[in-house]
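Subject: Structure handover

Hi,

Here is the structure for you to look over. My notes follow below it.

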Amino acid sequence: MWSFEAGSVAQLAALGWKADSFRVGDKVEVGFRPMKDGSRGGQFMSAKLASGQTLCSNRGCGDGSGKVLAPF
């Protein structure tokens, strides 16, 4: 079980997120900034779908590597 924090529903919708962007069971690659204490979670940055489409958070599309794009 992982826990991530992201922007509000309104912010994510403005960035192109939809209720059906992905479904339970879909494989999604998640980019995030990890928790300082090493627990399983962090600040959500992006989701790369199986189709190759990337959905970003309100903080940009960084992958946790320190290379974070400016917010839209």
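Where does S57 lie? S57 is in the segment after β4 (54-56). Helices (H or I, at least four residues) and strands (E, at least two) are DSSP runs, numbered from the N terminus.

First, the ground rules. This is a predicted model, in which local features need pLDDT of at least 70 and side-chain atom pairs count only at pLDDT 80 or more, while totals for chains, interfaces and linings use all residues. Residues are numbered from 1 along each chain as its sequence is written, and side-chain values use heavy atoms, with hydrogens and water left out.

Confidence
pLDDT is the predictor's confidence in each residue, from 0 to 100. The protein chain has a mean pLDDT of 81, and 85% of its residues reach 70 or more. Among its elements, β1 has the highest mean (90) and β2 the lowest (87). Over residues 66-72, pLDDT stays under 50. The model has 15 contacts beyond four places in sequence for that stretch. Where pLDDT is low, the predicted coordinates should not be read in detail.

Around S57
S57 is buried, at a relative accessible area of 1%. Buried means under 20% relative accessible area, exposed over 50%, and partly exposed in between (1.4 Å probe, protein chains only). The S57 side chain reaches the backbone oxygen of F44 at 3.2 Å. Not counting residues up to four places away in sequence, S57 touches L12, L15, F44 and M45. A contact here means heavy atoms within 4.5 Å.

Core
The largest nonpolar core has 6 residues: L12, W17, F44, A47, L49 and L55. Such a core is a set of buried Ala, Val, Leu, Ile, Met, Phe, Trp, Tyr and Cys residues joined through side-chain atoms within 4.5 Å. The largest share of this core, 3 residues, comes from β3. Core member L55 has contacts that include G16, W17, M45 and C61.

Aromatic pairs
There are 5 aromatic pairs in the structure. Rings of Phe, Tyr and Trp (its six-membered ring) pair if their centres lie within 6.5 Å; planes under 30 degrees apart count as stacked, over 60 as edge-to-face and the rest as tilted. One of the pairs is F4 with F32, edge-to-face, at 5.0 Å centre to centre and 65° between the planes. F4 lies in strand β1 (residues 3-5) and F32 in strand β2 (residues 28-34), so this pair ties together parts that are 28 residues apart in sequence. F4 is partly exposed, at 33% relative accessible area.

W17 and F44 have ring centres 5.7 Å apart and planes at 65°, so they are edge-to-face. This pair links W17, in the loop between α1 (9-14) and β2, to F44 in strand β3 (residues 41-49), 27 residues apart. W17 counts as buried at 17% relative accessibility. F44 counts as buried at 10%. W2, F4 and F32 form one aromatic cluster.

Hairpin
β2 and β3 run antiparallel, joined by 7 bridges. Two strands pair if DSSP finds at least two bridges between them. E29 has K48 in β3 as its bridge partner. The two strands form a hairpin with 6 residues between them, and G38 in the turn has a positive phi of about 85°. R40 is also in the loop between β2 and β3. R40 and W2 are 38 residues apart in sequence, but 5.1 Å apart in space, C-alpha to C-alpha. R40 touches M1, W2 and S3, not counting residues up to four places away in sequence.

Best wishes

Definitions and conventions. A polar contact is a pair of N or O atoms within 3.5 Å; within protein, one must be able to donate a hydrogen and the other to accept it, and residues adjacent in sequence count only if both atoms are side-chain atoms.
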